[in-house]
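Okay, everyone, let me put this one up on the screen. I'd like to walk you through the spaces in it, and then what packs together inside.

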Amino acid sequence: MTRYLEIADRLAAELAGSAAGTRVASEPELADRFGVGRAAARSALQELERRLLVRRVQGAGTFVNSRIDYVISGSRPPSWHTTVEATGATPRTVLKSVDREGLPAAEAERLGREPGTLAHHVVRTRYIDGLLTGWGEEWIPVDVVPDLDLGLHAVDSVDLVLRQMGRVRPVRAWCRVSLELPPPRVLQELEVEPSTPVYLIESLSKDETTGAGLLCSGAWTRADAVRVIVELSETLTEEER
């Protein structure tokens, strides 16, 4: 077996019982400990990162990683905050911008609106237990919640703002999950290497009562932070069959 894989296997066994956030030895420390060059030590850490066992934080070092099960289901609220909190983790979002813009064609079609319809364009970064997790964009027609921008400066959760200020009941109407190599802007926002695959979660929420489109989103999420689980309905109606 290649030496760096032997080192990675040894470290993986040692870190198995360590708490998330525990600091992992640096490249020079590993090189000294195992009597190898910096290249082998670096490759061992990269292998642990590939296995999603550790996470490198720019300017801070390498730490034992922890992932949550992010469950997407038609029976659960289409709320990122609620989904993360259900795992026992702590969610936080940072609002980058919220502007009023015309709906692009793709988002307009999903929402059942005319292209160019005035909508809130929300851009946010997401954190789980203080660690950068995701970056995404959301489109909400202005007539759904005219003062959405004010609400988001007071409350982190878009779902909660929709329910409280828009008096609607969002439900997940459509969702697509894929593992992609993100574009340069997303790479920069998520602080990941160009060759690192990232989840792209695209979603549409509608009002449970009226069926009107409420929110269309695209969220890039680090695979070392979450494991995406899609739950399908166990039973089908006669019409669905």
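So, the largest pocket first: about 830 Å³ of space lies in there. A pocket here is worked out on a 1 Å grid over the protein atoms alone, as an open set of points with protein on both sides within 12 Å along at least five of seven lines, and lining residues have an atom within 4 Å of a point. Points are joined across faces, edges and corners, and the volume is the space filled by probe spheres set on them.

Quick housekeeping: this is a predicted model, where local features need pLDDT of at least 70 and side-chain atom pairs count only at pLDDT 80 or more, while totals for chains, interfaces and linings use all residues. Numbering runs from 1 along each chain as its sequence is written, and side-chain values use heavy atoms, with hydrogens and water left out.

Which residues are closest to its centre? Out of 34 lining residues, they're Glu49, Arg56, Glu193, Arg222 and Asp224. The helix α3 gives the largest share of the lining, four residues. By class, the lining has 15 nonpolar, nine polar and 10 charged residues; Ala, Val, Leu, Ile, Met, Phe, Trp, Tyr, Cys and Pro count as nonpolar, Asp, Glu, Lys and Arg as charged, and the others, Gly among them, as polar.

The second largest pocket holds about 230 Å³. Of its 14 lining residues, Asn65, Ser66, Ile128, Asp129 and Leu131 sit closest to the centre.

Now cavities, where a 1.4 Å probe fits but cannot get out. There are two of 30 Å³ or more. The largest is about 260 Å³, and among its 20 lining residues Pro78, Trp80, Arg126, Glu138 and Ser217 are closest to the centre. Arg126, Glu138 and Ser217 also turn up in the lining of the second largest cavity, which is about 40 Å³.

Helices are DSSP runs of H or I, at least four residues, numbered from the N terminus.

Terms used
Helices (H or I, at least four residues) and strands (E, at least two) are DSSP runs, numbered from the N terminus.
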